Amino acid sequence: MGGGQANATRQESVSCAPYAAVVTSEELVIRARGLTKAYGDFVAVDGIDFDVRRGESFGLLGPNGAGKSTTMRMIGGTLGRTAGELSVVGLDPETQGPQVRAHLGVVPQQDNLDDDLKVRENLIMYGRYFGLPRSYLVPKSAELLEFAQLTDKASARVDDLSGGMKRRLTIARGLVNEPEVLLLDEPTTGLDPQARHTLWDRLFRLKEAGVTLIVTTHFMDEAEQLCDRLIVIDKGTIMAEGSPAQLIRQYSTREVLELRFGSQRNAQVVAQLEGLAERIEVLPDRILLYSADGEATLERVSGAGLHPVTSLVRRSSLEDVFLRLTGRTLVD
Amino acid sequence: MSRELSPTQLAVERLARPRPAPGIWSGNMVAVLERGWQAIKTQNWGIIISGFFEPVLYLLAMGWGLGALVGEVEGPGGAKVSYAAYIAPAMLATSAMNGAIYDSTMNVFFKLNFGKLYQAMLQTSLGPLDVALGEIMLALFRGLLYAVAFLAVMAALGLATSWWALLMVPAAVLIAFGFAAVGMGVTSFAQRFQQLDLIMFAMLPMFLFSATLYPISVYPSAVQLFIQALPLWHGVELMRHLAVGHLTWATLGHATYFTAMTALGLWVTTVRMRKLFLR
């Protein structure tokens, strides 16, 4: 499955030689082969292969503990790898950490803003860590505050910002060195819907400006919104790779019919539903019937004399892809 | 500054200059110091000032209170000095030790594991060695301020009797550097707070028994040798020599001890850097 696709990509690049080498080195911002991180017996990342091309928006989708953050930290060179190859902007992050990070903007899962400094000073000081001069940073910080819609909070204390504001400030801070690659670890976790949409809008603008985005998320809607291409990770291995639309086409049907018969009866009616859809998944609270036409399937269910408490027809999402690949839901 | 270079290029160009330990050091410790200074400006000065009072309070209680019972004692080179003048240099050495150890063990360990500051710094071009050295320098700067203030108190009380006493300030910084470097090396091995408590636990007896409050001659020779192997004794002796201007080869020996201690501590810290910061 996922391995097959990765192989196909590799074969392509081989068959395109001798141009491939030139094109690849210029276009790939990240190249990982057999990337592995083990803590004693526990293997957090288990020999994964992936490429990220310049300007693309690349996602790592998987549940908590899948190895997404570990992979992100290895990319930034703040965590060593146990085995495998990793090249970021053509350099090894483990031996050339400071250089690699000069090209990166990092937005960690949990905001790590400097509580002792004011909002504007957070941006300026962060730029100083890159060795950038104040003459550049003062106008740049004003521009970034505007981008993050925080201009009127420039002199506020970090503690006084809302969750969404802190997140936007963290992203603005990650942009202070005008990075080629922005690493976003769970960018909207813990934000309310409106703050999420504001943030997505900002990230779209960056994407339009040509910044390569690498996003980890366990929200399928976020992956669908933000990612051109993604890998689905579970237990440290890659389960599938492709664009959101490709993955849905490959691993799911066009539509899904969700039925609820009440927690007692769900299990009993499964036998009667067999054959009414291409595939059936039974979850603790509901039954999912996969088919090209959900309404037609619902009619067949009624025709069979079954009357669910609630029914819902929706388009397939990455959540269904994940369920198909792992037998589990993304958000438990 | 040319406008053509993008900030990334600017940073990369600076990093392209040859430097030792390129994977863990970016040569930009200055930014860590700058951040420390910015943070101090907004911080509670009460906490900073309290560090100055500790040795002064000891000096007053022991030197003046207890000193009234003790009278004069034999100082370096056999000259008679007041008890307060005898212990004042020891108080300065001890306070340099305490500050440096606290900053390089508890403070660093907390910031590494619970604070988010180092995490944020290390996701930039800074390397762990920039952060570690910057942190040590900040601790030394604070130690420098305390030493100057303490020396002023000593002078006001008439306890500094030689111009050589001015050298007690750089000596305090050197003592602090030695302890901070070793402290950070030890912290790189620590997994839990409790392990660092052991260091704090070792410091109290070292303070009490390192010839701080009475001469080392009261001990049998085996105990003397043991005490003389410990760093604080060297710090105390170094300070005592400088306070009265009694300079001998031994003075230089004590200073050399701390230079070696600094080098050893920095070496261990550098070697252990990845374990310390990049776990």
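Predicted model: local features only at pLDDT ≥ 70, side-chain atom pairs only at ≥ 80, totals over all residues.

Student: Which residue of chain B forms a salt bridge with A:Asp114, and how far apart are the closest N and O atoms?

Tutor: That's B:Arg35, with the closest N and O atoms 2.6 Å apart.

Student: Which elements of chain A give two or more residues to the side that touches chain B?

Tutor: Those are α4 (97-102), α5 (119-129) and α6 (134-147) of chain A. The residues on that side of chain A divide into 14 nonpolar, nine polar and 13 charged.

Student: OK, what about area? How much is buried between chain A and chain B?

Tutor: About 3100 Å², and carbon and sulfur atoms give 52% of it. The contact takes 36 residues from chain A and 36 residues from chain B.

Student: Switching topic: how many salt bridges are there over all chains?

Tutor: The count comes to 32. One within chain A pairs A:Arg81 with A:Glu94, where the closest N and O atoms are 3.6 Å apart.

Student: Where do those two sit in the chain?

Tutor: A:Arg81 is in the loop between α3 (68-75) and β4 (83-88) of chain A, while A:Glu94 is in the loop between β4 and α4. They're 13 residues apart, and the pair links distant parts of the chain.

Student: How does the domain assignment divide chain A?

Tutor: Into domain 1 (2-243) and domain 2 (253-315). Their centres, taken over C-alpha atoms, are separated by 39 Å.

Student: Last one: how far does helix α6 of chain B reach?

Tutor: That helix covers residues 128-156, 29 residues in total, and reaches 42 Å from its first C-alpha to its last, close to the 42 Å expected. Just after α6(B), B:Gly158 takes a positive phi of about 70°.

Technical notes:
Residues numbered from 1 in each chain as written. Chains lettered and ligands numbered in written order. Heavy atoms only, no water. Contact = heavy atoms within 4.5 Å. Buried area = accessible area lost by both parts, 1.4 Å probe. Salt bridge = Lys/Arg side-chain N within 4 Å of Asp/Glu carboxyl O. Helix = DSSP H or I, 4+ residues; strand = E, 2+ residues; numbered from the N terminus. Nonpolar A, V, L, I, M, F, W, Y, C, P; charged D, E, K, R; others polar. Domains from an automatic or database assignment. Expected span 1.5 Å × (residues − 1).
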